[in-house]
Amino acid sequence: MPENSIEQIDFAELNKKAISQPLINHIYTADPSAHVFDGKIYIYPSHDIDAGIPFNDNGDHFGMEDYHVISMDSIDSEAKDNGVALHVDDVPWAERQMWAPDAAHKEGKYYLYFPAKAHDGIFKIGVAISDSPIGPFIPEPEAIAGSYSIDPAIFEDEDGKYYIYFGGIWGGQLQKYRNNIYSEINEEPHADKKALGPIVAQLSEDMKQFAEEPKEILILDENGKPLLAGDHDRRFFEASWVHKYNGKYYFSYSTGDTHFICYATGDNPYGPFTYKGRILNPVVGWTTHHSICEYKGKWYLFYHDSSLSEGVTHLRSIKVAEINYNEDGTIVPLNPYKN
Ligand code: FUB
């Protein structure tokens, strides 16, 4: 994570040009994972706070402590904050930094997946369970065995299988792992080597564990070659998301230090995925993180920016905008602020 910077921007002007406004503005929220459960939209965001922690490149200033679920009766209706759904103090294995979560629904139960740093400072991913999409969620006492890094995203395929995608470099610690094993000496590969990929595993029937050894996903360029670590405009950084459109699997993600939401497509949940382009150009604030969700036959990008906090990078607000596909299945990229 980078150091903070308050950009020199006329925010009144910027907000006039914004393609959408914050869905809620009484708290700061980010990393929106949106799903339609029983016809209603539920958004599982990070709950940004100013934890008073100094800025550093590991993102320690992203000191979030709990999750709130945001619900919407329809895409045009007011977004409702349903209060605290899970607090770090209630998670025995977790100490701090409740970063980007996601949720899944299976057989009447709702599962909240979340990353947090354990007491040794290493990120792991936990799961908490509820009978309601808005919680409260009861955490499992231990993190998911074999989990690591950040930004879990759950994809339910049409055959009823669930997959978890995760990983993020720099503050998200993914660069410390090779073949699922942590070593302090591991770093990002050299610029001319293959970029680190996001990680995928099928979830167990009870949704509480990995059903298999997690695998690294390959993202290929237009010539079928793996994206390189030095290709900062296109390589995976964090914020995995998978959706399916016309039988194709779309893997979308943030490029981190170049601030794009990009996507790559493939024929199955494990990839490889071939890079196709950008979905969202940079927003105000350093991070960018999104989800893609179909509602009543239209497709929506849920994302965040730091316009409400006037550029404070760890105080973000969730937003939504419609996205469109071209006939060939490519996505029409969005500019978050009109010219
Ligand atoms: O919200 C904390 C971190 O910032 C997330 O886990 C990343 O994806 C980035 O949005």
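Predicted model: local features only at pLDDT ≥ 70, side-chain atom pairs only at ≥ 80, totals over all residues.
Let's start with the ligand. Which residues sit closest to the ligand? Those are Asp31, Met64, Asp151, His289 and Arg316, out of 14 residues that surround it. If you sort that shell by class, you get 6 nonpolar, 4 polar and 4 charged residues.

Now have a look at the polar side chains there. Asp31 has a polar side-chain atom 2.5 Å from an oxygen atom of the ligand. For Asp151, an N or O atom in the side chain is also 2.5 Å from a ligand oxygen. And then there's His289, with a polar side-chain atom 2.6 Å from an oxygen atom of the ligand. So how much of the ligand does the protein bury? On its own the ligand exposes 280 Å², and the protein buries 100% of that.

I'd like to zoom in on the second largest cavity, which has a volume of about 70 Å³. Where do you find it in the sequence? Its lining includes Lys194, Ala195, Leu196, Gly197 and Pro198, and also Glu216, Ile217, Leu218 and Ile219. Leu227, Arg235 and Phe236 are part of the lining too. By class, that lining divides into 8 nonpolar residues, 1 polar and 3 charged.

That's it from me, thanks!

Note on methods:
Residues numbered from 1 in each chain as written. Heavy atoms only, no water. 1 Å grid on protein atoms, 1.4 Å probe; cavity = no way out; pocket = protein on both sides within 12 Å on 5 of 7 lines; lining within 4 Å. Points joined across faces, edges and corners; volume = space filled by probe spheres on them. Nonpolar A, V, L, I, M, F, W, Y, C, P; charged D, E, K, R; others polar. Near = heavy atom within 4 Å. Polar contact = N/O pair within 3.5 Å; in protein donor to acceptor, adjacent residues only side chain to side chain. Areas by Shrake-Rupley, 256 points an atom, 1.4 Å probe, with all protein chains shown as cover.
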